[in-house]
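Welcome! Here are some exercises to work through with the structure open beside you. Try each task before you read its solution.

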Amino acid sequence: FPGLADVSISQDIPVEGEITVPVGSHSPDEDYSTLDEPVKDTIVRDLKAVGKKFVHVMYPRKSSALLRDWDLWGPLVLCVSLALMLQGGSADSKDDGGPQFAEVFVIIWFGAVVITLNSKLLGGTISFFQSLCVLGYCVLPLTVAMLVCRLVLLAGAGTISFIIRLIVVLAMFGWSTLASTAFLADSQPPNRKALVVYPIFLFYFVISWMILTFTPQ
Amino acid sequence: MAAPGAAGGGGRSGAPAAEWGGFEDNMQGGGSAVIDMENMDDTSGSSFEDMGEMHQRMKEEEEEEAEGEAGAGEEEDGEFLGMKGLRGQLGRQVADQMWQVGKRQASRAFSLYANIDILRPYFDVEPVQVRARLLESMIPVKMINFPQKIAGELYGPLMLVFTLVAILLHGMKTSDTIIREGTLMGTAIGTCFGYWLGVSSFMYFLAYLCNAQITMVQMLSLLGYGLFGHCITLFVTYNIHFHSLFYIFWLVVGGLSTLRMVAVLVSRTVGHTQRLILCGTLAALHMLFLLYLHFAYHKVVEGILDTLEGPNMPPFQRVARDIPVVSNPVLNTTAKAIALTL
């Protein structure tokens with residue numbers, strides 16, 4: 001607009017008229033005002049949701065609550081606690097401990113991602129984060145097994161303790177696999193369930209192996 | 001003022017809008033908003049100062065390049081029409097549209113590159129098929145004059161590689177391997193995936209040189225299924241530490257799976273020299289990998305080795321620590337007893 005370049009209007013002359021500027025969408029903050037509630041309410045609500053999902057994992061019935069409202073708090077807490085408990089493994093030399101914290105973390109999340117991708121590629125109807133949520137929550141029995149193993153190892157590291165630990169870890173491994181299969185296998189076409197279950201089996205097998213071979217310093 | 005303003009604004013913002021992709025479409029096609037591009041230069045009072053500044057900077061650059069003069073006209077344009085009351089809303093709306101454009105572009109790029117549906121056809125298998133292919137991978141074919149069919153499937157090989165990783169972990173743990181740099185898990189995954197992907201690529205390259213008819217996916221699939229023999233061998237011999245047993249398994253099981261891969265490759269290659277090169281390389285790599293996996297990660301059991309191995313002691317030994325594993329000595333003594341009675 002070269003012709004209008006030298007026109008200037010002083011700033012205190014108001015512009016009049018009607019110019020409707022339709023606002024695209026109402027800000028979504030007005031729909032649920034969770035930002036205004038006290039922090040305690042938010043935390044308690046989230047904790048209740050996580051706790052409910054824990055209960056679902058320990059008693060795997062075919063409910064869809066785990067799938068519908070997925071969240072990753074539970075898996076994070078479980079993963080971190082498992083990795084912390086696996087610290088301080090047996091080491092003659094300082095540079096080979098048990099699995100490091102980062103190693104356990106990466107194994108769990110990378111393994112869960114691979115299983116999710118696999119089940120999606122095989123034609124599953126479950127979404128990415130729902131699957132991550134289920135796999136993460138089903139690590140709970142193995143975390144319990146780790147706790148038991150550590151307690152047993154406090155009493156001594158002999159043959160009997162090894163047998164106890166073996167039984168406990170095997171049982172929890174079976175429980176984990178069954179729990180996650182109960183949730184995930186439904187979303188697959190019926191003739192391919194075995195193809196989806198096998199990687200889950202391997203995943204929990206690796207975690208169980210890490211738990212079983214953990215010997216404290 | 002609206003129509004020429006919008007058209008002019010769209011025209012003037014042609015060059016900077018080119019960087020932002022479909023901005024022009026948005027401006028001229030869509031909404032009923034009245035936006036005059038030139039008033040974006042004034043950023044004071046706007047809630048999105050960065051974008052206004054960015055736009056102004058780009059406009060200035062454009063003008064500097066085109067005319068070679070400092071953007072003296074820009075500051076005056078800023079006060080043009082002085083729409084103070086609407087500046088905030090203007091900025092917000094422009095920001096909103098820019099966000100939508102950005103989101104659209106990002107989702108387009110994402111759906112183009114991160115589309116896992118590219119891999120979907122390679123995972124289209126049934127459990128019976130997988131089982132059949134696993135068993136077939138141990139049976140060498142007889143007809144090598146007719147190109148054999150290779151299923152281009154990636155589920156089986158991927159699962160076999162992961163199984164091999166799990167078995168390696170088990171072997172490393174029971175042999176008390178001390179990994180100085182890196183971690184057990186990292187070493188296992190790196191070894192197995194490195195072998196599968198690396199040797200497949202190398203063989204594909206050789207096949208390309210030797211004019212063999214095989215695609216990359218088929219090569220990956222063939223080598224992946226060839227790891228089934230490795231899995232079986234290592235699973236057995238990591239638990240029963242018996243060197244002769246390992247050598248028997250190495251020859252028989254490893255040999256069978258190698259023979260099958262070699263036969264399939266031979267059937268797809270023409271010419272003696274090419275066949276020899278391809279098959280020799282593949283056989284050597286496959287068998288040597290099994291040998292490496294066994295000796296690098298296995299437990300040195302002194303008693304059995306002394307009686308059987310003698311001068312053939314492998315050069316790398318690991319320091320044995322005491323581990324509370326009950327099963328191994330039991331299995332070892334059982335195997336030893338069986339061998340002695342044979």
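Patches are built from residues with over 30% relative accessible area and no salt bridge, joining like charges within 9 Å and nonpolar side chains (Val, Leu, Ile, Met, Phe, Trp, Tyr) within 5 Å. Accessible areas come from the Shrake-Rupley method with a 1.4 Å probe, and for residues only the protein chains shown count as cover. A salt bridge is a side-chain nitrogen of Lys or Arg within 4 Å of a carboxyl oxygen of Asp or Glu.

This is a predicted model, in which local features need pLDDT of at least 70 and side-chain atom pairs count only at pLDDT 80 or more, while totals for chains, interfaces and linings use all residues. Residues are numbered from 1 along each chain as its sequence is written, chains are lettered from A and ligands numbered from 1 in the order in which they are written, and side-chain values use heavy atoms, leaving out hydrogens and water.

**Exercise 1. Find which residues form a nonpolar patch on the surface of chain B.**

Step 1: The patch consists of B:F202, B:F205, B:Y208 and B:L209, with about 470 Å² of accessible area together.

Step 2: B:L209 belongs to helix α9 (residues 184-209) of chain B; helices (H or I, at least four residues) and strands (E, at least two) are DSSP runs, numbered from the N terminus.

Step 3: Check its cover. Buried means under 20% relative accessible area, exposed over 50%, and partly exposed in between (1.4 Å probe, protein chains only). With 52%, B:L209 is exposed.

**Exercise 2. Describe chain B as a whole: how many helices and strands does it have?**

Step 1: Chain B has 14 helices and zero strands.

Step 2: Of its 342 residues, 47% are buried.

Step 3: The accessible surface of chain B is about 17200 Å², and carbon and sulfur atoms hold 63% of it.

**Exercise 3. Work out which way helix α3 (residues 73-85) of chain A faces.**

Step 1: The expected span is 1.5 Å times one less than the number of residues. For the 13 residues of α3(A) this gives 18 Å, which agrees with the 18 Å between its end C-alpha atoms.

Step 2: List the buried residues of α3(A): A:G74, A:P75, A:L78, A:C79, A:L82, A:A83 and A:M85. They lie on the same side of α3(A), because they cover an arc of only 165° around the axis. The arc is that of the directions from the helix axis to the C-beta atoms.

Step 3: Recall the rule. An α-helix has 3.6 residues a turn, so residues three or four places apart point the same way.

Step 4: Look at the other face. Turned away from the buried side are the exposed residues A:W73, A:V77 and A:L84.

**Exercise 4. Which salt bridges does A:R192 make?**

Step 1: One salt bridge joins the side chains of A:R192 and B:D124 (2.5 Å, N to O). A:R192 sits in the loop between α7 (159-184) and α8 of chain A and B:D124 in the loop between α6 (84-113) and α7 (127-136) of chain B, so the pair joins two chains.

Step 2: A:R192 also meets B:E126 in a salt bridge (3.3 Å, N to O). This pair crosses between chains too, with B:E126 in the loop between α6 and α7 of chain B.

Step 3: Compare the cover. A:R192 is buried at 10% relative accessible area, and B:E126 is partly exposed at 22%.

Step 4: A:R192, B:D124 and B:E126 are linked in a network of salt bridges.
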